[in-house]
Amino acid sequence: MTAPCTLLDRLWTAHEIVRREDGASLLWVDRHLVHEGSHHAFGKLASRGARVAEPDLTFAVVDHYAPTRGRDRIADPQIKYMVETLRKNAHRHGLRLFDLKDPGQGIVHVVGPEQGLTLPGLLINCGDSHTSTHGAFGALAFGIGATEVAHVLATQTIWQKKPAAMRIRIEGRLGPGVSAKDIALNWIARLGADGAQGHAIEYAGSAVRDLSMEGRMTLCNLSIEGGGRFGLIAPDETTYAYLRGRPYAPQGSVWEAALANWAKLITDGTATFDQDIHLNAREIAPTVTWGTSPEQAIPVTATIPDPNTLANGKAQGARDALDYMRLAAGRPIEGTPVDQVFIGSCTNGRIEDLRHAAAVLAGRKAKVSGLVSPGSALVKAQAEEEGLDRIFVDAGLDWADAGCSMCVGMNGDLVPPGKRCASSTNRNFRGRQGPGALTHLMSPAMVAAAAITGTITDVRPLLEGRAT
Amino acid sequence: MSGWSQHQGHAVALPIHNVDTDQLIPSRFMSTPRSEGYGRFLLHDLRRDAHGETHSDFPLNRHDHASILVAGRNFGGGSSREAAVYALVDAGIRAVFAPGFGDIFAGNAINNGLLPARISEEEMNLLFQGLADTALAAEVCLEKRHLQIGDQRIGFDLDPGWRTKLINGWDDIDLTLTYRTEIDRHSQVLKQRAPWIRPAQITKNS
Ligand code: SF4
């Protein structure tokens, strides 16, 4: 008799090489993804005179600084320097690089799954907090800092203490116009931006099973916004169907062997969690943030909370946030005018996200300007094949190349100071989209609705009578 | 990195919750080579107005000699950028006391000799009161896990493995290479038993 195991237990055991007395485990890393921001780590490696231990397991992607327009000549010397430094490091160590003109280029958390580099049962590291995205495939995936990136480069291993286990179970059907983004903002608002600190989150329940891989990735991606470094979903037919035939995914008899292994990646029915949370999918409405932390989120139909009614300790933060966001307590969030919109990022820049937005925008005009940056060049090509680009352009939005773009603004795609942006991204932190930028997080469909009315708007009436 | 077990300096309060790593260092500064120093980027946009003038009432502007920071809940959440820790360390900060830290931030801190010390919310409030409009001389002891300010002594939580690492100033890569044999064995077994784990295409070294 073995004790009941969680999916986390199984993945941990499979990767543990040794465990130290203090409880830290040395784990084997199956895939390591690097980007321009990894320059500090390559610098550390060079200062030791070390080489990348496993170049075949290390993949480089240009995304954070990738220009979304005019790629042929990068005007900004800093951006050019960052891209060229990654090129040099990838070349020096013999790494596969998804460069600006590569048909597989895109945001690292979109590229990994799309190329079949992300698989169930793997341990995946990247020097980026949204690495939790890859957990949607039943992989142990977590973001690390530069010193840890250098460690993985040099040894193909990582020291890590096993996190506590949390399960978020979402049962029932999501209503029309409600998506994985809304589930995530909902639980983060409930548990707080540090609600899952120290925990790996396994998402379960019928609403999670019903999600596409795109939706599951959105859900796991946002784990970090609730403090969880890991998001996990047990693989199933949806996972396998997504991966079959991807360039780096196993093929032929190896694929069959993989499937047999992946079927074992489950949480036993009798396993217990340190925290077990239940949500009812039917109760989740399209959700938007009003403040400067993802936990400051409310249903679009609600009013902006009065800081004086919030729990002690949260009131001052809420006052500061309202002040920064130039919003008044007690007013409905719906109807708040926006200056611009953004659709993209590793949270909501996949093909399904673009389809959701296009379903709202088709045949309509945007009242404000906006940018659509697909999550990858492959997403871009697919969207163009489906004619989604025409819908965006006809509505008056810009259609650009793939990259992190306005999620973080490193490539120069910025929200100007004091301007309000309805955004499909993941962080409404002060200045995240540019100094003084005012960000409201929401789903791609909700961003599309905001584009049409020029205000924060419930998308549901706009979807009536439309196929989505 | 050199280890440390005791530190004497001045403590200052930053009574804000959810100070994320985008606040600690805005992303536009992150392409700077480390050798140029990151201290001037610390909390850049909170400390200055849109024209670059410093807010004279911001705690770290009033007490720029402080080396111990007492902060609110969920310090260092968000982005994995280690540059947030570089900004703190290069500005002379050796220890941060808060009720909770972003998981990635805390690991990054340890890797750079910065102490992320967990205290209770009550202790945080107590310290906020004591440091309301002043910075006070204080002493951190890693061995005994406490912070001494005047006659007040406050204990803190820290993972024992992390404490040892801070005290010894260990570099993980050196430590890991002592497990070379175990690592090689793990990798060999994987190749034999689970061929599906390797990428289907192997990168041709260019
Ligand atoms: S899209 Fe945004 S969150 Fe995602 S990897 Fe890029 S910068 Fe990070």
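Trainee: Leaving aside neighbours within four places in sequence, what is A:Ser212 in contact with?

Mentor: A:Thr238 and A:Glu352. This is a predicted model, by the way. Contact here needs heavy atoms within 4.5 Å, and A:Ser212 meets that with both residues. A:Ser212 itself is in the loop between helix H7 (206–209) and helix H8 (213–221) of chain A.

Trainee: What does the side chain of A:Ser212 reach?

Mentor: The backbone nitrogen of A:Gly215, at 3.1 Å. The cut-off for a polar contact is 3.5 Å, so 3.1 Å falls within it.

Trainee: Why is helix H13 (residues 351–361) of chain A called largely enclosed?

Mentor: Count the buried residues: 8 of the 11 in H13 of chain A are buried, so the rest of the structure largely encloses this helix. Among them are A:Leu354, A:Ala358 and A:Leu361. Just after H13(A) comes A:Gly363, with a positive phi of about 75°.

Trainee: Now the rings. Why is the pair of A:Phe137 and A:Tyr242 called edge-to-face?

Mentor: A search of the whole structure finds 15 aromatic pairs over all chains. In this one the ring centres are 5.4 Å apart and the planes are at 65°. Pairing needs centres within 6.5 Å, and edge-to-face needs planes over 60 degrees apart, so A:Phe137 and A:Tyr242 pass on both counts.

Trainee: What makes that pair a tie between parts apart in sequence?

Mentor: A:Phe137 lies in the loop between strand S6 (123–126) and strand S7 (140–143) of chain A, while A:Tyr242 is in helix H9 (residues 237–243) of chain A, so the pair ties together parts 105 residues apart in sequence. A:Phe137 is buried at 0% relative accessibility, and A:Tyr242 is buried at 14%.

Mentor: Between A:Trp262 and B:Trp196 there is another edge-to-face pair, 5.7 Å centre to centre and with 90° between the planes.

Trainee: What makes the pair of A:Trp262 and B:Trp196 one that joins two chains?

Mentor: Their locations: A:Trp262 is in helix H10 (residues 252–262) of chain A, and B:Trp196 is in the segment after helix H9 (180–193) of chain B, so the pair joins two chains. Both A:Trp262 and B:Trp196 are buried. Together with A:Tyr240 and A:Trp255, these two form one aromatic cluster.

Trainee: How do you know that B:Arg34 lies over the face of B:Tyr86?

Mentor: B:Arg34 is at 4.0 Å from the ring centre of B:Tyr86. The distance limit is 6 Å, and the charge must also be within 35 degrees of the ring normal. The charged end of B:Arg94 also sits over a ring, that of B:Trp4, 5.1 Å from its centre.

Trainee: How much area do chain B and chain A bury between them?

Mentor: About 5,300 Å², with 54% of it on carbon and sulfur atoms. In chain B, B:Ser31, B:Ile173 and B:Trp196 lose the most area to chain A, together 14% of what that side buries. Across this interface the rule finds 8 salt bridges.

Trainee: Why does the contact of B:Arg198 and A:Glu54 count as a salt bridge?

Mentor: Their side chains meet at 3.7 Å, N to O, and the limit is 4 Å, so the pair qualifies. A:Glu54, at 16%, counts as buried.

Trainee: What about A:Glu295 and B:Arg73?

Mentor: Also a salt bridge, at 3.0 Å, N to O. A:Glu295 is in a loop of chain A and B:Arg73 in a loop of chain B, so this pair joins two chains. Salt bridges that share partners put A:Asp194, A:Glu295, A:Lys314 and B:Arg73 into one network.

Note on methods:
Residues are numbered from 1 along each chain as its sequence is written. Chains are lettered from A and ligands numbered from 1 in the order in which they are written. This is a predicted model: local features need pLDDT of at least 70, side-chain atom pairs count only at pLDDT 80 or more; totals for chains, interfaces and linings use all residues. Side-chain values use heavy atoms; hydrogens and water are left out. Rings of Phe, Tyr and Trp (its six-membered ring) pair if their centres lie within 6.5 Å; planes under 30 degrees apart count as stacked, over 60 as edge-to-face and the rest as tilted. Helices (H or I, at least four residues) and strands (E, at least two) are DSSP runs, numbered from the N terminus. Buried means under 20% relative accessible area, exposed over 50%, partly exposed in between (1.4 Å probe, protein chains only). Buried area is the accessible area (1.4 Å probe) that two parts lose on being put together, summed over both. A polar contact is a pair of N or O atoms within 3.5 Å; within protein, one must be able to donate a hydrogen and the other to accept it, and residues adjacent in sequence count only if both atoms are side-chain atoms.
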